[in-house]
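Trainee: I'm new to this one, could you walk me through it?
Mentor: Gladly, let's look at it together.

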2 protein chains.
Amino acid sequence: MEKEITIYDIAKILGLSPATVSRALNDHPAINSKTKILINEKAIEMGYQSNTFASNLRRRRTNTLGVIVPRLNSNFMSAVLAGMEEEANISGYNLLISQSLESAKKEISNAKTMFNSRVDGLLASVAYDTDTFDHFESFIKKGIPVLFFDRIIDHPKCSGVVIDNVLAGFTATSHLIEKGCKRIMHVTGNLKRNVYSGRLKGYQDALLQNNLTASNELLMITDLSQEAGKYVAQKIDEMEIRPDGIFISNDICAVSCMKALKEKGYNIPDDIAVVGFNNDPVSQVIEPNLTTVYYPGQEMGKVAIRTIVNHLKGIQSIDVSDKIVLPSELIIRKSSLKEID
Amino acid sequence: MEKEITIYDIAKILGLSPATVSRALNDHPAINSKTKILINEKAIEMGYQSNTFASNLRRRRTNTLGVIVPRLNSNFMSAVLAGMEEEANISGYNLLISQSLESAKKEISNAKTMFNSRVDGLLASVAYDTDTFDHFESFIKKGIPVLFFDRIIDHPKCSGVVIDNVLAGFTATSHLIEKGCKRIMHVTGNLKRNVYSGRLKGYQDALLQNNLTASNELLMITDLSQEAGKYVAQKIDEMEIRPDGIFISNDICAVSCMKALKEKGYNIPDDIAVVGFNNDPVSQVIEPNLTTVYYPGQEMGKVAIRTIVNHLKGIQSIDVSDKIVLPSELIIRKSSLKEID
C-alpha cells in the first residue's frame with residue numbers, strides 16, 4: 001500500500017499552511033472559494049480522498065439531508081425534526097423528510113427516493129416491522145453516511161443516537177413500586193424495536209429487583225395509538241384482578257387510557273397509577289397531570305445532524321462511536337402519586 | 001393491439017392542425033382554454049391518454065411529489081400528510097416533505113431543494129410571511145404542476161384546496177353570540193394568510209350582523225402557539241372590561257389559554273366561553289372539552305394528491321379549477337355552553 005496522503009503533503013506542494021488546507025477541506029468560511037477549489041482539486045489529484053473525506057469530495061454535493069421517520073404525527077418526532085432543522089439551518093443543509101407509516105415496505109421505497117434525490121446523508125428511525133438493513137446498503141456503498149436515531153439498527157458502518165431505554169423503563173417502574181404499586185401493567189409497542197424491548201427490559205428488571213412478578217397478563221403489545229389506550233382500559237375493566245399501576249410506553253396512548261378509565265369510574269392515581277413516556281404537551285392537559293419520561297427529542301435531532309455534518313465535513317467519522325446516548329428524566333406529576341396508607 | 005392514436009388522428013377529426021393539437025396537449029399559452037378543453041377531451045375520448053401530456057412523458061419521471069408545509073408539529077398538518085400518503089401510495093407516488101418553519105426565506109430554499117430533487121409535482125402550504133410567487137415560477141416554467149393547500153396563493157396556473165374560512169369564522173362567532181356572549185375576543189395569526197384573514201372576516205361579519213362592536217382591543221394577532229395562549233390569558237386578566245367569549249384560530253393556543261384562565265380562577269364557559277379551531281385530539285382532553293371547528297385535514301390531503309396526480313396522468317389539468325373548497329363543521333362541546341339566564 002502506498003503511503004497515505006495527509007494535509008501536510010498537500011500543504012507542502014501548494015506552499016500553504018496545513019491549517020489552511022485543513023480549513024479549506026472542511027469548507028471553513030474564512031478561506032475564500034478560489035483557494036478552496038484549488039486545495040480540493042489538489043487533494044483529489046493526490047488521492048487524498050481515500051482518507052476521511054473519501055467519497056464526499058468526489059461526489060457532487062446537494063446540501064440536502066434525507067430523514068426517514070416512522071410517523072410525523074407525534075410530538076416527539078416533531079421535536080426531533082425541529083432540532084434537526086435548527087442545526088441543519090446553521091450548517092447550510094436542507095432536510096427532505098419522508099414517513100414510512102411503520103411499514104418496512106414503504107421505508108424501502110422511501111430510502112430509494114432519498115437515494116435518487118442524491119442526499120448527502122441519511123438519518124433514519126426505522127418502522128415497526130423493519131427486518132433488514134438491505135435498503136441502506138446502497139448508501140453505504142456510495143459512501144453516503146447513514147445515522148439512526150431513536151429506533152436504531154446496529155451496523156458497523158453506522159451510528160445511532162438514542163436514550164438509555166432500559167434505564168428509563170427501570171426508573172418509571174421503580175417509581176410506581178415506590179408509590180406502593182404491587183401489580184404493575186406494561187403497555188408497549190413492537191418488541192423488534194430497541195426502544196420498546198429496552199423499556200420492557202427495564203420494567204422487568206425493576207419488578208425482579210422488588211420481588212414482583214411479571215405475568216403475561218400484565219404485558220400488552222399494542223401500536224400505542226389512542227385506540228390502543230381505549231382498548232387497554234377496556235381490558236383492565238374486564239380483568240378479575242386489576243393492576244394498581246400502569247407504565248405505558250407513550251403519552252398519547254397513556255392519556256387516552258386514563259381518559260377511558262376515568263369514564264369507567266376509576267380514580268387516577270388511587271385505583272390505578274399511570275406513568276407515560278415522552279412528555280408530550282397533552283401530559284399537562286389531562287387531569288390529573290401525567291407522570292412521564294422526558295425524552296430530549298430536540299436535542300436528539302440536533303446531535304444527529306451535528307454528527308452527520310461533522311462526518312461530511314471530515315471533522316469526525318460517523319463510525320467512531322457505536323452509539324450516542326442522551327439522558328432522559330422521569331417527571332413526576334399527580335397521575336402516579338397514590339396516597340400511601 | 002389497436003393502432004396507436006396520434007395527434008394527427010385528433011387533428012383530423014377536429015379539423016384542426018396537428019400543431020394546434022400538439023400545443024393544446026402541451027398546454028401552450030397561445031391556445032385558448034376552450035380549445036384546450038375541446039382537444040383534451042377528444043384526446044381522452046379517443047384513447048390518446050397513453051401518449052398525452054407529452055412533456056410529462058418526455059420528462060424523466062421520479063414518481064415523487066414534493067410537499068412544503070409551514071410546520072410539522074401540528075395535528076392538522078399530520079392529518080393532511082396522512083391523507084396525502086394514503087392517496088400517494090395508491091397512485092404509486094412517494095412524498096418528500098420539508099418544512100418552512102414559517103419563514104419565506106426557508107420556503108424559497110425548500111422549493112429549490114424540491115426542484116433539484118426533480119419532483120413530478122409540488123404541493124405547498126405557504127409560510128406566515130411569504131410575499132411572492134417567484135420561487136414557484138421555475139416549476140411552472142418546467143411544466144411541473146404546483147398545487148396549494150390550506151394556505152394558498154392565487155395564481156392563474158395553480159389551484160388550491162381550502163375550506164371556506166369566512167364561513168367557518170362566521171359560524172364559530174355566531175355560536176358564541178347565540179350562547180349569550182356580547183363581548184367576543186378573536187385571537188388569530190398573520191393576516192397575510194387567507195386562513196386567518198378569512199376567519200377574521202367571518203368573525204367581523206357575525207358581530208356586525210348582531211350589532212356587536214369589533215374593537216381593536218378584542219383582536220389579538222399572535223403566532224397561535226402555546227405561549228401565545230398563556231399571553232392571551234394574561235392580557236385578559238389585566239383588562240378592565242373582560243371578554244365573555246373568545247374565538248381562537250387554533251386548538252393548541254385555545255387549550256393553553258383555557259388552562260391559564262382556569263389557573264387564574266376563571267370559570268369556562270360561564271365567565272368566558274371558548275371556541276377553538278381544527279378539532280385536535282387535545283380538544284377532547286382539556287376540561288371542559290373544547291368547542292371547535294372540524295377541519296377535514298385528511299380529506300384535504302387526499303384531494304390535493306388526487307388533483308395533482310390526475311393532472312400528471314393527463315386526466316384533468318390542474319388549472320381547470322381555481323379553488324377546491326371542502327366543508328368544515330362546528331363541533332359544540334362544553335367550553336362554550338354558558339348557562340343562559
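Trainee: What do β1(A), helix α5 and β2(A) make?
Mentor: In this predicted model, β1(A), helix α5 (residues 75–91) of chain A and β2(A) make a right-handed β-α-β unit, where right-handed means that, with the strands pointing away from the viewer, the path from the first strand over the helix to the second runs clockwise. Helices (H or I, at least four residues) and strands (E, at least two) are DSSP runs, numbered from the N terminus.

Trainee: And in which sense do β1 and β2 of chain A pair?
Mentor: Strand β1 (residues 64–69) of chain A pairs with β2(A) in the parallel sense over 6 bridges, pairing being counted if DSSP finds at least two bridges between two strands. Leu65(A) stands opposite Leu95(A) in β2(A).

Trainee: Is β2(A) buried or exposed?
Mentor: Strand β2 (residues 94–99) of chain A is mostly covered, with 6 of its 6 residues buried (under 20% relative accessible area, with exposed over 50% and partly exposed in between, using a 1.4 Å probe and protein chains only). Asn94(A), Leu96(A) and Ser98(A) point one way, while Leu95(A), Ile97(A) and Gln99(A) point the other way.

Trainee: Switching topic, what order does the open sheet of 4 strands have?
Mentor: The order is β7-β6-β8-β9 in chain A, with parallel pairing. β7 (219–221) and β9 (273–275) of chain A stand at the edges with a single partner strand each, so one side of each is left without a neighbour in the sheet.

Trainee: How should I read the numbering and values?
Mentor: Residues are numbered from 1 along each chain as its sequence is written, and chains are lettered from A and ligands numbered from 1 in the order in which they are written. Local features need pLDDT of at least 70, side-chain atom pairs count only at pLDDT 80 or more, and totals for chains, interfaces and linings use all residues, while side-chain values use heavy atoms, with hydrogens and water left out.
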